Amino acid sequence: MAHFVYLLRCADGTLYTGYSTDVLRRLATHNAGKGAKYTRSRLPASLLASWEYPTKGEALSAEYRLRHRSRAAKLAAAERSEAP
């Protein structure tokens with residue numbers, strides 16, 4: 001099973017970082033208003049980038065690293081498809 005870290009841009013311009021095993025399904029969940037509390041009031045959300053990892057542990061570690069980066073660093077990583 002593949003594990004993903006993804007980066008969303010919300011309607012208000014903010015960024016959201018998450019983990020999923022199915023990014024498109026998770027994006028649909030967010031946009032249905034049933035995702036994270038953070039995204040519910042900032043819909044619609046669009047996918048900026050996603051990165052695949054072989055294990056859940058590696059994906060969660062990458063999510064943690066990405067969450068602690070600056071906005072500029074997150075956008076740069078998404079633009080270059082650079083793994084967090």
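Strand β1 is joined to strand β3 (residues 46-53) by 7 bridges, and the two run antiparallel. Strands and helices here are DSSP runs, numbered from the N terminus, with at least two residues (E) for a strand and at least four (H or I) for a helix; two strands pair if DSSP finds at least two bridges between them. The model is a predicted one, where local features need pLDDT of at least 70 and side-chain atom pairs count only at pLDDT 80 or more, while totals for chains, interfaces and linings use all residues. Residues are numbered from 1 along each chain as its sequence is written, and side-chain values use heavy atoms, leaving out hydrogens and water.

On to the rest of the sheet. It is an open one of 3 strands in the order β2-β1-β3, with antiparallel pairing. The edges are β2 and β3, each of which pairs on one side only. Neighbouring strands are turned by 20° against each other on average, direction ignored (axes are lines fitted to C-alpha atoms, for helices over the stretch in contact, and angles between N-to-C directions run from 0 to 180 degrees). Between β1 and β2 (residues 15-20) there are 6 bridges, and Val5 has Tyr19 of β2 as its bridge partner. Arg9 stands opposite Leu15 in β2 and also opposite Ser46 in β3.

How much of β1 is covered? In this strand (residues 3-9), 6 of the 7 residues are buried, where buried means under 20% relative accessible area, exposed over 50% and partly exposed in between, with a 1.4 Å probe and protein chains only.

Next come the aromatic rings. Searching the whole structure turns up 2 aromatic pairs; rings of Phe, Tyr and Trp (its six-membered ring) pair if their centres lie within 6.5 Å, and planes under 30 degrees apart count as stacked, over 60 as edge-to-face and the rest as tilted. Tyr6 and Tyr16 have ring centres 6.4 Å apart and planes at 45°, so this pair is tilted. Since Tyr6 sits in β1 and Tyr16 in β2, the pair ties together parts 10 residues apart in sequence. Tyr6 is buried at a relative accessible area of 2%, and Tyr16 is buried at 12%. Tyr16 also pairs with Tyr38: the centres are 6.1 Å apart and the planes at 20°, so that pair is stacked. Here the link is between distant parts of the chain, as Tyr38 belongs to helix α2 (residues 37-40), 22 residues from Tyr16. Tyr38 counts as partly exposed, at 31% relative accessibility.

Arg42 lies over the face of Tyr38, 3.8 Å from the ring centre, and Arg67 lies over the face of Tyr16, at 5.8 Å. A charge sits over a ring if NZ of Lys or CZ of Arg is within 6 Å of the ring centre and within 35 degrees of the ring normal.

Finally, helix α4 (residues 71-80) has Lys74, Ala77 and Ala78 buried. These fall within an arc of 100° seen down the axis, so they line one face of the helix; the arc is that of the directions from the helix axis to the C-beta atoms. On the other side of α4, Ala72, Glu79 and Arg80 are exposed. The cover over its buried residues includes β1, β2, β3 and α3 (56-67), with contact meaning heavy atoms within 4.5 Å. The helix α4 lies across β1, β2 and β3, at about 75° to β3.
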